[in-house]
Amino acid sequence: MRVAIEGCCHGELDRIYASIRNLERDNLKIDLLIVCGDFQSIRNVADLEVLACPDKFRTLGTFYQYYSGQKKAPYPTIFVGGNHEASNYLWELYHGGWVCPNIYFMGFGGVINFGGLRIGGLSGIFKPHHYEYGHYEVQPYNDQDSRSVYHVRKYNVQRMALIQQPLDVFISHDWPKGIESHGNTKKLLDMKPFLRNEVHTNTLGSPPNEYLLKKLKPKYWFSAHLHVKFAALYEHVQGNCETSRLGAPHAFHELGSIAVVEGNPEEIDIHSDHEEMMEETYRHVDEKSADNSGGLIRKSDGLDSADQVDSVPANANSAVDDPNQSCKESLFDQMDVTSDANAAAASSHGNEQAARHPKYTRFLSLDKCLPGRDFLQIVNIPEVECSGEFFYDEEWLAIMRATNDYFSLAREQKLMPSESELRKRLMEELDWIKENVPRSSLRVPDNFVTTAAGHVPGHRPRLSDLLRPHLNPQTVDLCKLIGITNYVNANGVVLPSRSAKDLTPTHGLDKNPESLEQKQSMFSEKETTNEDKNESGQQIETQSPPLPEGFAPENVVNGNDQDMFKGSERSPSASVDNQE
């Protein structure tokens, strides 16, 4: 199975899909696209109000065309949320669901199965001062809530920590804390020098993600957020989870006991003045990297093996230094993707035999979608005998049942029971799932429906309708399937086809409608001006744009190819302490 991994999307779906199509000219078939956050599923101008970025950089994009059915995603696509999202829409699908046909949101935290691959994901970024809160934000969001809503909550980390069956892939937006020390740190700092202080103080990355990395031990971990291509190899030594502060035996309830660091450097506002200045300052570094990193955006004359090095496998030099070492002895062959994938798939269909966890996790982060940047990577994972369809995960459905009573819509998060108590309950809930949810119902249904109105150039819908929270039928159906109460927009607007009565939100709807009307007028005029028309002035169907100059991905990396996750032996001069 060939999986395309995308860093930050930032609404560039057309360009990403065009890049993948360009790859397929070389007789490659891409089975799945994974987007690691900042997807920006913006349906209309009201969604732009939730997007956390400067007003001058808020663009409608083209997602609304996929949402309204004008276009269809050519590849099965899954994504997690980042810190630049239409969070009001993603909130409707808190437990996961289709944001449009063929594009599946992983939810605020969740596990899904695709073609035999078991994929876990956690949306948002880590901010310590919101970590222990419940989901208290109320729509329509004010400016503060539009930022806090995408901050990771301990509730979801605790739920993810209950997973026992092995994961093939884990997706997050921000990095696990400390992962940079398991790759080519010198190269990272050459490209992003302003990260030096966070690397020195070991504050770069998310502590909850570090905990989940050590506890869940997925074979692959894909991230984005920092707008740089970086690969690492993390070795799971025995007891490393116990040595972590977050991984101690009592850590399940101390996941939130993290010192608050003001000015967390990881929340990088896209197109902020600071980042644009940094991008300009180090542009020559990125251009040099594009020619020598072995990434997707490179010249077609080829590179030698030394140029394709991405990272140094920490604590594993002995396994990769010897060029004569046999393939069977290679550390990469100790991670049997096929056997673990089949075992995970079998477990989701009733086989209770636990498959082993891999000894190593291969980490990869990618850039944002821009010309000359390493934003896309193809990973070739051995085929498994499973159809390329999405299936709910039995263990995760059981976790949803075991923890739903502790879902909180208040600022104060309900206290979860001890991990041992939850695991006992989890076993009971897993039995319930197997007895009450037929296997045929594990296939994710094609039940996408629009909720809020999609953008129509030249048309101005009632802004009050756009601002209201909507009750998404997909969320209702999933909760009904596993017999839990739905707390997500339970009093939101209901589609007429689902109920004869529209429910009105209990909170106010006035959120500077004049400002929204001005923005809507601006976007409507822009869309009308740029709309494709034929010679007689009639509107014609728009097509995905051709691949722009600079978007010429050519590099395909095999999932078992160690060049993607290793580098030459790290010399003393490559250590962080020696780089000034």
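This report describes a helix, a set of paired strands and some aromatic pairs in a predicted model.

## Helix H16

Helix H16 covers residues 419-436, which makes 18 residues. At 1.5 Å a residue, H16 should span 26 Å, and the C-alpha atoms at its ends are 25 Å apart, which agrees. The buried residues of H16 are Glu419, Leu422, Arg423, Leu426, Glu429, Leu430 and Ile433. These residues lie on the same side of H16, because they cover an arc of only 120° around the axis.

The face turned away from the buried side of H16 carries Ser420, Glu421, Lys424 and Glu435, which are exposed.

Strand E2 runs over residues 32-35 and is covered on both faces. Leu32 and Ile34 are buried on one side, while Leu33 and Val35 are buried on the other. In a regular strand, side chains alternate between the two faces of the sheet.

Strand E2 pairs with strand E1 (residues 2-6) in the parallel sense, over 4 bridges. Strand E2 also pairs with strand E3 (residues 77-79) in the parallel sense, here over 3 bridges. Between E1 and E2 comes a helix in the unit they form: E1, helix H1 (residues 13-23) and E2 make a right-handed β-α-β unit.

## Aromatic pairs

With ring centres required to lie within 6.5 Å, the count comes to 27 aromatic pairs. One of them joins Tyr67 and Tyr89, whose ring centres are 5.6 Å apart. Their planes stand at 80°, over the 60 degrees required, so this pair is edge-to-face. Tyr67 lies in helix H3 (residues 63-67) and Tyr89 in helix H4 (residues 87-92), so the pair ties together parts that are 22 residues apart in sequence. Tyr67 and Tyr89 are both buried.

A further pair is formed by Trp98 and Tyr104, with ring centres 5.2 Å apart. The planes of these rings are at 85°, so this pair is edge-to-face. Trp98 has 4% relative accessibility and therefore counts as buried, the cut-off being under 20%. Tyr104 is also buried, with a relative accessible area of 3%.

Terms used:
Residues are numbered from 1 along each chain as its sequence is written. This is a predicted model: local features need pLDDT of at least 70, side-chain atom pairs count only at pLDDT 80 or more; totals for chains, interfaces and linings use all residues. Side-chain values use heavy atoms; hydrogens and water are left out. Helices (H or I, at least four residues) and strands (E, at least two) are DSSP runs, numbered from the N terminus. The expected span of a helix is 1.5 Å times one less than its number of residues. Buried means under 20% relative accessible area, exposed over 50%, partly exposed in between (1.4 Å probe, protein chains only). The arc is that of the directions from the helix axis to the C-beta atoms. Two strands pair if DSSP finds at least two bridges between them. A crossover is right-handed if, with the strands pointing away from the viewer, the path from the first strand over the helix to the second runs clockwise. Rings of Phe, Tyr and Trp (its six-membered ring) pair if their centres lie within 6.5 Å; planes under 30 degrees apart count as stacked, over 60 as edge-to-face and the rest as tilted.
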